[in-house]
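Reader: I've just opened this one and could use a guide. Could you walk me through it?

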Amino acid sequence: MTHWLIAPVVLPALLAPFIVLAARYHIGIQRVFSIAGVLTLIVISGALAWNTSDGTIMLYQLGDWAAPFGIVLVGDRLSTMMVLLTVVLALFVLVYAISSGWDDRGRHFHALFQFQLMGILGAFLTGDLFNLFVFFEVLLIASYGLMIHAGGTKRLRAGVQYVLFNLIGSTLFLFALGAIYAETGTLNMADLANRVTLITPDETVGIRVAAVLLLLVFAIKAALVPLHFWLPSSYAEAPAPVAALFAIMTKVGAYAIIRVYTLIFPPDLAVTSGLHDVWLLPAALISLAVGMIGVLAAKQLDRLVAFSIIGSMGMVLVSIALFSPVGIAAALYYIVHSTLAGAALFLITDLVRSGRSNLELTPQPPVSGATLTAGLFFIGAIAMAGLPPLSGFLGKLLVLDAAYGTDLMVWIWAIVLGSSLISIVGFARAGSILFWKAKSVDATEAAPPPPATMSYVAVGGLITMLAAHTIFAGQVHGYTTTIAAQLFAPEPYISTVVDTPGKLSDPTEKEEDH
Amino acid sequence: MELLIASAIGIMTAAGIYLVLRLRTFPVILGISLLTYAVNIFLFTSGRLVVGAPPVLRDDITTYTDPLPQALVLTAIVISFGMTAVVVMIGLGAFLGSDDDHVDDQPDRSDDAPEGTP
């Protein structure tokens with residue numbers, strides 16, 4: 001058994017206290033360690049993703065206790081891909097935070113950043129539902145700190161909403177876990193998958209309640225309408241690099257939905273039938289529409305980007321709610337795209353903010369470095385709105401293709417295409433007011449200095465990743481198709497987790513050990 | 001005993017939800033505390049109610065109580081306790097900064113609303 005699988009959790013967990021304890025007054029040392037940690041994580045995650053790309057299921061039993069008694073970490077294609085996506089995003093966000101000086105506007109940015117990474121990566125890797133709750137809490141606690149980084153009353157007020165909403169979400173999660181444990185007597189995902197099928201049809205009340213509660217919790221994380229109200233304020237008020245990192249947090253909810261509802265409650269399970277097509281799909285369509293209408297209606301650039309995140313999550317969840325291998329493959333392709341595009345847009349928002357007094361969509365004197373910023377905004381908007389040639393367009397095509405021939409095809413096509421049009425209008429309006437109408441306003445005072453070069457490098461890096469995601473779309477989509485195939489054939493996952501021996505698996509062996 | 005514990009969970013949850021739906025920080029935090037109490041007891045009972053039975057394997061004993069929910073509930077208590085402390089601090093900071101403890105976004109008002117409006 002190799003120990004590499006737990007490295008993405010342990011490394012940030014060790015680095016964060018080190019940064020707090022040993023380097024709390026030295027921002028330079030903090031930056032070096034933070035960047036070095038993320039680079040190491042990229043190497044490790046890349047190796048893990050390579051290792052699982054042939055279909056291997058990696059298993060790590062903590063303390064060598066066999067599942068379901070011990071806690072396990074499981075790495076399959078899906079989780080290692082999400083881990084790799086997270087750390088690559090984290091690198092660009094960190095470069096931006098350092099170059100723009102955001103990390104020095106409050107205390108403990110780098111420590112919280114590492115804890116946040118620990119929570120996100122742990123949530124992707126864990127094979128145990130209660131551990132998923134714990135890692136959710138780790139990432140939430142760190143995100144509370146990051147959210148109110150650099151302080152300010154507006155940010156604190158948005159932080160209160162964010163924390164309260166997520167506290168209620170955590171409580172719901174615990175209710176769901178209690179109900180699942182009472183019904184099945186286990187919280188290990190693979191073991192649950194075995195036991196849920198054993199429940200007889202007349203005893204499904206508890207497990208159905210639990211399945212719906214779990215879906216609610218993940219929908220809160222994924223900002224599905226009508227559970228999205230926490231997102232616009234908190235993402236808009238959070239510091240830009242933090243909001244860019246938060247772009248992966250909604251995807252944690254999407255990941256959890258994919259994982260739990262393919263492994264434990266698969267779509268053909270009678271217990272939870274109707275949950276996806278009757279409830280999840282219409283809600284996802286509504287959030288797609290609400291998000292894109294929000295883009296058109298927003299009066300500030302940061303709210304506009306936050307609403308586009310809701311819209312893109314709606315798109316992801318539409319594709320997930322089809323619960324077919326084609327749909328999941330399209331959803332995973334779109335998840336990568338929307339994470340990169342959302343993060344890039346939040347960083348571009350901050351580039352705009354650095355040259356203006358506020359982010360109101362009103363004509364104001366041109367921002368410093370306007371040409372480059374405008375170009376980047378143009379590319380980011382094209383990506384997010386789903387225009388050719390970037391990956392948003394390909395992602396939408398894949399989703400439309402996956403929906404072809406389903407019962408709700410007319411609705412899906414109409415809303416996806418209609419909302420794309422609305423978002424194009426919204427982004428075009430914002431861009432022309434911000435960058436073109438600015439020419440008609442005379443600058444009254446000296447413009448502030450343009451953003452640092454490294455800031456542009458960070459945003460450019462994200463845009464480059466988007467371009468690569470477009471150019472290698474065939475390969476990426478091929479890989480997400482194999483991920484979906486692995487998700488819809490969970491037997492190797494279950495047997496790897498449940499049948500791998502550890503302590504307690506053989507009583508006689510245990511006697512000899514002691 | 002089942003009826004007593006079930007109704008305790010129910011009443012606390014109902015009161016918690018009522019308080020969470022208020023619009024001021026203080027009742028909402030109280031409501032969340034009540035909800036976490038309710039969920040702690042709910043988790044505790046998810047291993048079935050057994051009185052006077054040991055949780056650890058021993059010879060010549062046949063009835064056990066499930067030790068796992070107790071471990072789960074301990075984790076949940078620690079996390080919810082810490083979270084409540086965090087939200088009190090952030091809420092206090094927001095209240096002192098803006099002199100307003102509504103938890104929702106307020107529309108921009110030029111005139112002060114009368115005291116006591118929800």
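Author: Let's start with helix 17 of chain A, residues 409-436: at 1.5 Å a residue its 28 residues should span 40 Å, and its end C-alpha atoms are 39 Å apart, which agrees. The expected span is 1.5 Å times one less than the number of residues, and helices (H or I, at least four residues) and strands (E, at least two) are DSSP runs numbered from the N terminus. Bear in mind that this is a predicted model, where local features need pLDDT of at least 70, side-chain atom pairs count only at pLDDT 80 or more, and totals for chains, interfaces and linings use all residues. Residues are numbered from 1 along each chain as its sequence is written, chains are lettered from A and ligands numbered from 1 in the order written, and side-chain values use heavy atoms, with hydrogens and water left out.

Reader: What covers the buried residues of helix 17 of chain A?

Author: Buried means under 20% relative accessible area, exposed over 50%, and partly exposed in between (1.4 Å probe, protein chains only). The buried residues of helix 17 of chain A include A:Ile412, A:Val416, A:Phe427 and A:Phe435. Contact means heavy atoms within 4.5 Å, and the cover includes helix 12 (275-297), helix 13 (301-321), helix 14, helix 15 (370-385) and helix 16 of chain A.

Reader: Within what arc do the buried residues of helix 19 of chain A fall?

Author: In helix 19 of chain A, A:Ala473, A:Thr480, A:Ile483, A:Ala484, A:Gln486 and A:Leu487 are buried. The arc is taken from the directions from the helix axis to the C-beta atoms. Seen down the axis of helix 19 of chain A, the buried residues line one face of the helix, because they fall within an arc of 160°.

Reader: And which residues are exposed on the other side of helix 19 of chain A?

Author: The buried residues of helix 19 of chain A pack against helices of chain A, among them helix 3 (77-100) and helix 11 (249-263). On the other side of helix 19, the exposed residues are A:Gly474 and A:Gln475.

Reader: Is A:Phe323 buried or exposed?

Author: A:Phe323 sits in the loop between helix 13 and helix 14 of chain A. Its phi is near 45°, a positive value in a residue other than glycine. At 7% relative accessibility, A:Phe323 counts as buried.

Reader: Which three residues supply 25% of the area that chain A buries against chain B?

Author: Buried area is the accessible area (1.4 Å probe) that two parts lose on being put together, summed over both. Between chain A and chain B that comes to about 2,700 Å², with carbon and sulfur atoms giving 78%. The three residues supplying that 25%, more than any other three, are A:Arg157, A:Phe175 and A:Tyr181.

Reader: Where in chain B does pLDDT stay under 50?

Author: pLDDT is the predictor's confidence in each residue, from 0 to 100. Chain B has a mean of 84, and 91% of its residues reach 70 or more. The stretch of chain B that stays under 50 is residues 109-118.
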